[in-house]
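Thanks for coming. I will talk for a few minutes about aromatic rings in one structure. Please have a look at it first.

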Amino acid sequence: MRKLTYYVGTTLDGFIAGPDGQFDFFPFEGDLAAALLAEYPETIPAHGRGPLGLDGVANRRFDTVLMGRVTYEPGLAAGVTSPYPHLKQYVFSRTLAQLDPAVEVVPTDPVAFVRDLKKQ
């Protein structure tokens, strides 16, 4: 059975976004940035990998990313349809059309999908 790791940035009080959906308040500097780049390089989207010296760096911990539509949409607004081409990408949405062959839009129940994914 595959191992499932829940990896998400949150505030100390458990929020993953600001009151208006902002996500730009998470720090990415100093020791935190160094640790993320060293231990979790695959969590950096494609457009940031080159500037951060991660081109050609192998995935260390993850091979797949699961996103909801709201998480996926900021990249779409910037013209990025495949934010993590170095990972298998799934986006859960009942309303989003398939926009990129590298990103699978999953319109079904996320819990059932993850259970099936774990069995692989």
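Is Tyr7 buried, exposed or partly exposed? Tyr7 counts as partly exposed, because its relative accessibility is 38%; buried means under 20% relative accessible area, exposed over 50%, and partly exposed in between, with a 1.4 Å probe and protein chains only.

A word on the source. This is a predicted model, in which local features need pLDDT of at least 70 and side-chain atom pairs count only at pLDDT 80 or more, while totals for chains, interfaces and linings use all residues. Residues are numbered from 1 along each chain as its sequence is written, and side-chain values use heavy atoms, with hydrogens and water left out.

Now the rings. There are 5 aromatic pairs in the structure. Rings of Phe, Tyr and Trp (its six-membered ring) pair if their centres lie within 6.5 Å; planes under 30 degrees apart count as stacked, over 60 as edge-to-face and the rest as tilted. Tyr7 and Tyr40 are a tilted pair, because their planes are at 40 degrees, with ring centres 5.1 Å apart. Tyr40 is partly exposed, at 26% relative accessibility. Together with Phe62, Tyr7 and Tyr40 form one aromatic cluster.

Arg61 lies over the face of Tyr40, 5.0 Å from the ring centre. For that, NZ of Lys or CZ of Arg must be within 6 Å of the ring centre and within 35 degrees of the ring normal.

Another pair is Tyr90 and Phe113: the centres are 4.8 Å apart and the planes at 65 degrees, so this one is edge-to-face. Tyr90 is buried at 7%, and Phe113 is buried at 16%.
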